[in-house]
Amino acid sequence: MPTLRSRPRRLATACTLATCIATCIAACTAMAAPAAAAPPPERPSPAADCALKGRTGWTDEGHDTDRAQFRRATGVHRVLTLFVDFPDARASDSTVAYADLLAPAAAWMRTASYGRAQLDLTFAHRWVRMPAASTSYGFQRGLTFEAHERYLRDAVAAADPYADFSRYDMVYVVPTRAAAAISFSPTYLYDPSTPGVTADGTRIRWAVTFGQDMWRWGHKVAAHETGHVFGLPDLYAFTGDTHGFVGGWDVMGDIAGHAPQHLGWHAWKLGWTRDDQVACLARPGRRTIRLTPVERPGGTKIAVVRTGATTAYVAESRRAEGNDPRPCSTGVLIYKVDSAVATGNGPVRVMNGRPATTPPGGCGPLDLAAFGPGRSFTDPAAGVRIDVLAGGRAGDTVRITATPQAS
């Protein structure tokens, strides 16, 4: 409530008419002044109140991932890696270099999951011959599910005499470098309504069939494609500016980007970040949160302001690790999540916290998006404000505010 000025006392001595009028005007003005807006109260919400439901029926940002269709991300994932060549593209080299390229994916996942997921890779070190020419499998953008399943079926059948598929949860198929026609690396997600691919009494439910782009992306392509097995969508754009939504902040976006792991939202969706590491604001109010960098285990990882049935804003601390001199991953990353937006259409969009500058080596323009201390982000239409109060190598302190919106 405002402090109201007391009614003027009658003075012992007479006052002039002008003095009396001025005094009355001042008193009335003070009484009519509106109250200063009180800050909204601190109102923590349970983390579950900020979890969103998916609305696309496929890979999206919802927390209600269909675990019959997609593999649960925690625990041990036993992966059999097959090496294939073709009648028209015969291998003349060792499989060792191929395995060495993909092997670091295991350490990547262990770090990104804070030890809650383990990629147990088994490499079947022999070339198995596919029954058809590499050019017959139709590997180009727009590859059909049926053509992709045929490729996987042929690879599994060719390797079946040498491997026991019942011992594994998923399969990686790696082609010889001589097979230029096998150009890119799609993920296979089985269709429960069809007979599918079986071997050793086991249904092959999930697989990654690598292409020649693995030599460009390195082991992170395994992380990206396995992310689809877990139900994550593509964060790069299928049309237009390819990396205009998230840049290199998540391996589901620019695979070759600077980020060493997933966004904090994805880590929560996958079960790698616990509910007690999520600060949620699902109703009008405010919260002040100390965030620890997503690149390190422990502490509060994300601050979430829910803005609708399928939308939320997320803030997380990003800190460059080791001797990396690039400023790409330093500061508070703020992004909008929409679980009703389909894969490849921007289900996550990073807010740009810095003016456009000439990016230093290794950084793209959107990679410089993090907010530093003293900076704020506001979305008046959604009633959201995020203030970065302090920051350093140990993490960042943010204040998130949600205000009621007129209906």
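How many aromatic pairs does a search of the whole structure find? The search finds 19, and they are taken up in point 2.

1. Basis. The model is a predicted one, in which local features need pLDDT of at least 70, side-chain atom pairs count only at pLDDT 80 or more, and totals for chains, interfaces and linings use all residues. Residues are numbered from 1 along each chain as its sequence is written, and side-chain values use heavy atoms, with hydrogens and water left out.

2. Aromatic pairs. Rings of Phe, Tyr and Trp (for Trp the six-membered ring) pair if their centres lie within 6.5 Å; planes under 30 degrees apart count as stacked, over 60 as edge-to-face and the rest as tilted. The whole structure holds 19 such pairs. One of them is edge-to-face because the planes of Tyr137 and Tyr151 stand at 85°, with the ring centres 5.1 Å apart. The two tyrosines are 14 residues apart, Tyr137 in the loop between strand 2 (117–129) and helix 4 and Tyr151 in helix 4. Helices (H or I, at least four residues) and strands (E, at least two) are DSSP runs, numbered from the N terminus. Tyr137 is buried at 1% relative accessibility, and Tyr151 is buried at 0%. Here buried means under 20% relative accessible area, exposed over 50%, and partly exposed in between (1.4 Å probe, protein chains only). Elsewhere, ring pairs link Phe83, Tyr98, Phe123, Trp127 and Trp215 into a cluster.

3. Disulfide. A disulfide is counted when two cysteine sulfur atoms lie within 2.5 Å, and the count comes to 1. Cys50 is joined to Cys280, with S to S at 2.0 Å. The link is right-handed, with 85° about the S-S bond. It ties together distant parts of the chain, 230 residues apart: Cys50 is in the loop between helix 1 (17–32) and strand 1 (75–85), and Cys280 is in strand 8 (residues 278–281). Both cysteines are buried.

4. Largest pocket. On a 1 Å grid over the protein atoms alone, a pocket is an open set of points with protein on both sides within 12 Å along at least five of seven lines, a cavity is a set where a 1.4 Å probe fits but cannot get out, and lining residues have an atom within 4 Å of a point. Grid points are joined across faces, edges and corners, and a volume is the space filled by probe spheres set on the points. The largest pocket has a volume of about 980 Å³. It is lined by 35 residues, and those closest to its centre are Arg141, Phe184, Pro186, Thr187 and Asp234. Two or more lining residues come from each of helix 4 (145–159), strand 4 (187–189), helix 5 (214–217) and helix 6 (220–229). Helix 6 gives the largest share, 4 residues. By class the lining has 14 nonpolar, 14 polar and 7 charged residues. In this scheme Ala, Val, Leu, Ile, Met, Phe, Trp, Tyr, Cys and Pro are nonpolar, Asp, Glu, Lys and Arg are charged, and the others, Gly among them, are polar.

5. Cavity. The structure holds 1 cavity of 30 Å³ or more. The largest cavity has a volume of about 40 Å³. Its lining includes Phe165, Tyr168, Asp169 and Met170. Strand 3 (170–175) and strand 6 (202–203) each supply at least two residues of that lining, which comprises 5 nonpolar, 1 polar and 3 charged residues.

6. Strands. Two strands pair if DSSP finds at least two bridges between them. Strand 9 (residues 285–291) runs antiparallel to strand 16 (residues 395–402), with 7 bridges. Ile289 has Val398 as its bridge partner in strand 16. Gly285, Arg287, Ile289 and Leu291 form the covered face of strand 9, while Arg286, Thr288 and Arg290 form the uncovered one. Strand 16 also pairs with strand 15, in the antiparallel sense over 8 bridges; there Val388 stands opposite Val398. A hairpin through 2 residues joins strands 15 and 16.

7. Backbone. Tyr114 has a positive phi of about 55° although it is not a glycine. Its place is in the loop between helix 3 (105–112) and strand 2, and Tyr114 is buried at 16%. Asp200, also not a glycine, has a positive phi of about 55°. Asp200 lies between strand 5 (198–199) and strand 6, in a loop, and is partly exposed at 37%.
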